[in-house]
Amino acid sequence: MLKIKSKRELDIMRTAGRLVAQVLSAVAEAAKPGVTLDELDQLAERLTLDAGARPAFKGYMGFRHTLCTSVNEAVVHGVPSARTLKNGDIVGLDYGLQYQGYYGDSAVTVPIGPIPAHAAQLMKATRDSLYAAIELCRPGNSLKDLGRAVEGTVKPFKYGIVKEFVGHGIGQSLHEDPQIPNYEAGATNLKLKAGMTICIEPMINAGTSQVKVLEDRWTAVTVDGALSAHYEHTIAITDNGPEVLTEWDEPGFKKVFDRILH
Ligand code: MG
Ligand code: MG
């Protein structure tokens, strides 16, 4: 069932989205060599509670953390641990919260210290593919249009597009209809309507598109061990076009993105 949000609901989701961006920005800025994944998770949880919100992922299908932390060949759903970040790592930070009954969800992949040029290129292309899809978030465009935009952006690099995990509607549930695949053939012809709120989240691998889930039953990794990147926004479809509710305009993002966007 597709849910169209009222003006009142969109107002709450705007606040939820802004809080997501603020917390994720602080966590992204804190992700440095020598910091552990557990420390980032604890920071995210403290900031969430301070904001009067609830961590969205904690307790979701038994997940025990506020943040997903996916390092290097990890694609998504990485479980925070005592692992220490080091120079050259890239780490996906996926974060959501619930505020006044509504969810916001966003993810960024950030560089730890200096990273190889090929890693920066993967991150930039993945981020660009997200914004290419966002640009098409207008009433009348279809989910196939969004998938095609992601595919078209990453195709020149011969990257692998992860198919097992997809974007989703969002609102009073973290995951609502519709599912939003990152490739055209997997997507339906469903047309976007004003008042829909969706998450687009391309997961792009430097090598094969194939992924497997580790024995922790959460962490998805590339089967060939190649790097993977993941970016996500919560977006409202409006008559005036896309409104990115989780926009990365906080200063912490600028510090980390400046190192991958030339
Ligand atoms: Mg997410
Ligand atoms: Mg999501």
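Colleague: How do you describe the way helix H3 and helix H4 cross?

Modeller: In this predicted model, the axes of H3 (residues 117-135) and H4 (residues 143-154) come within 8 Å and cross at roughly 150°. Axes are lines fitted to C-alpha atoms over the stretch in contact, with angles from 0 to 180 degrees between N-to-C directions. Helices are DSSP runs of H or I, at least four residues, numbered from the N terminus.

Colleague: Why are H3 and H4 called roughly antiparallel?

Modeller: Angles over 145 degrees count as roughly antiparallel. The crossing is roughly 150°, and H3 and H4 are therefore roughly antiparallel to each other.

Colleague: Which residues make the contact?

Modeller: H3 gives Ala125, Asp128, Ser129, Ala132 and Ala133; H4 gives Leu146, Ala149, Val150, Thr153 and Val154. Contact means heavy atoms within 4.5 Å. The residues divide into seven nonpolar, two polar and one charged.

Colleague: What lines the largest cavity?

Modeller: Cys68, Ser70, Val75, Val76, His77, Gly92, Asp94 and His230 line the largest cavity. Its volume is about 30 Å³. A cavity is a set of points on a 1 Å grid over the protein atoms alone where a 1.4 Å probe fits but cannot get out; lining residues have an atom within 4 Å of a point.

Colleague: What makes Asp94 the charged one in that lining?

Modeller: Asp, Glu, Lys and Arg count as charged. The lining divides into three nonpolar, four polar and one charged.

Modeller: Local features need pLDDT of at least 70, and side-chain atom pairs count only at pLDDT 80 or more, while totals for chains, interfaces and linings use all residues. Residues are numbered from 1 along each chain, and side-chain values use heavy atoms, without hydrogens and water.

Conventions. Chains are lettered from A and ligands numbered from 1 in the order in which they are written. Helices (H or I, at least four residues) and strands (E, at least two) are DSSP runs, numbered from the N terminus. Angles under 35 degrees count as roughly parallel, over 145 as roughly antiparallel, 65 to 115 as roughly perpendicular and the rest as oblique. On a 1 Å grid over the protein atoms alone, a cavity is a set of points where a 1.4 Å probe fits but cannot get out, and a pocket is an open set with protein on both sides within 12 Å along at least five of seven lines; lining residues have an atom within 4 Å of a point. Grid points are joined across faces, edges and corners, and a volume is the space filled by probe spheres set on the points.
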